[in-house]
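Subject: Structure handover

Hello,

Please find the structure below. My notes on it follow.

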2 protein chains.
Amino acid sequence: MTREELFSQIKLKRSFLCVGLDPDLEKMPASLNGNLFEFNKAIIDATAQYAIAFKPNMAFYEVQGASGITAFEDTVAYIRAHYPDIFIIADAKRGDIGNTSKMYARSFFETMDVDALTVAPYMGEDSITPFLGYKGKWVVVLALTSNKGSLDFQHVEDAHGTPLYMTVLQKTKQWGSADDMMYVCGATQAALLADIRRVVPQHFLLVPGVGAQGGSLEEVAKYGMNSQCGLIVNSSRGIIHASRDDDFAQVAALKAREMQQKMQSLLQDIL
Amino acid sequence: MTREELFSQIKLKRSFLCVGLDPDLEKMPASLNGNLFEFNKAIIDATAQYAIAFKPNMAFYEVQGASGITAFEDTVAYIRAHYPDIFIIADAKRGDIGNTSKMYARSFFETMDVDALTVAPYMGEDSITPFLGYKGKWVVVLALTSNKGSLDFQHVEDAHGTPLYMTVLQKTKQWGSADDMMYVCGATQAALLADIRRVVPQHFLLVPGVGAQGGSLEEVAKYGMNSQCGLIVNSSRGIIHASRDDDFAQVAALKAREMQQKMQSLLQDIL
């Protein structure tokens, strides 16, 4: 999917919502017998009209071994078949030496055929560039994450006072472009999005941390939105596990609709 | 497996070799029809007497989707059944917010039941601590990797001149201990192992980069060995794909034996 197509979807749905498909067995209704794919199908059908993206988190599939991976593959196939305009991000935070990253790129962009993959930058250029060059596919590099541990290394300043996450933005943006690279920037440190926008004005930012983690949607829009929106805001637990009973899909639809309506009003200035 | 047990294996086999199980379909003999598990079985049987550890790299399994994960699971089960004293490291470079890392920990330490997992430090403390506290299991944190891209961020110095990889060592060693944490330190920058040893004298170091990537075993031992060896040196391509023909397992055995013999002489001072 191109940047223009993504923006078209945002305009069409008046939403920049990404629903995180992180199904936690302990929070799924008992009637589903732990069937991840059935759970996802219900969530997808209930929220697709409010979302421009789905983001399955690999950890929640890998925990079931090979059968979990099958559930992941079935989920991707279901979205492709029924909602072909929706952007699919595999949240896997991969990254390794070139030879191995090449293999991960094939896993996610060929075998699993998702649109985007989250990647950790610690190993540098040759761990990231193998993911580039797939037509219509995107690398989403971790810059500033939403968790408390982001303070440990991402905020370490170099001799010039530049924090590591800024160095990551400055270097990695030279390896790709705003047409094949995005950044993870957490909502829990929303005011920093203004600084980030000075370095990457055009790039899409994938923003976790709204909802269960406490970030504010209004602040994210205030500091992070650009003329093509430039934001994909994710909510996982706050939508998919808002109810742990058999009405989980209806409640998820309500929660997704609530977010879409807030987003619609935040989009007014640019649409 | 405890640190003492690992050292016992090193003494018994006079080896600190880890064989990387990264089977590349394009380098496997045609007669195997791309069967990863059959390939691994032959490699494991041929090299187990020279190795104290096997390190399957998840990328090479994920590329085949769910069936690749089955091959990975079968490989782990095979090693457990036939070579129960061998240490198994899943090379997956995971790491995410606490809630997700907890799920990855369950994936690798419960579902897949390996002994150790490689983890990327970029997301900080709450991305790493969920992997600790599993009895006999190990977290292997990326510190200084063997690839060219390690120069991009790992060597960035803070205001006091401390490079990031040193900050990673200094902080993370407070979260675990030498009994549940190891570090990835690449052989391609072996002289830096002397500095690293000053910060983590007791910890085991998992050292990639000998062989195909050009690192020297002698230098790794010179700068990195401690009184309990403290080194697990990995070779993947240099052993498992040394021959691409039907004699791949015999050639792998020869290559592994060559390394074991060099290691035996390097261990003389401490055994």
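Predicted model: local features only at pLDDT ≥ 70, side-chain atom pairs only at ≥ 80, totals over all residues.

Residues are numbered from 1 along each chain as its sequence is written, chains are lettered from A and ligands numbered from 1 in the order in which they are written, and side-chain values use heavy atoms, without hydrogens and water.

In chain B, 8 strands close into a barrel with parallel pairing, in the order β1-β2-β3-β4-β5-β6-β7-β8. Strands are DSSP runs of E with at least two residues, helices runs of H or I with at least four, both numbered from the N terminus; two strands pair if DSSP finds at least two bridges between them. Neighbouring strands are turned by 30 degrees against each other on average, direction ignored (axes are lines fitted to C-alpha atoms, for helices over the stretch in contact; angles run from 0 to 180 degrees between N-to-C directions).

β1(B) pairs in the parallel sense with β2(B) over 4 bridges and with β8(B), residues 231-235, over 3 bridges. C18(B) stands opposite A53(B) in β2(B) and has N234(B) as its bridge partner in β8(B).

Of the 5 residues of β1(B), 5 are buried (under 20% relative accessible area, 1.4 Å probe, protein chains only). L17(B), V19(B) and L21(B) lie on one side, C18(B) and G20(B) on the other.

Regards

Technical notes. Buried < 20%, exposed > 50% of the residue type's maximum accessible area, 1.4 Å probe, protein only.
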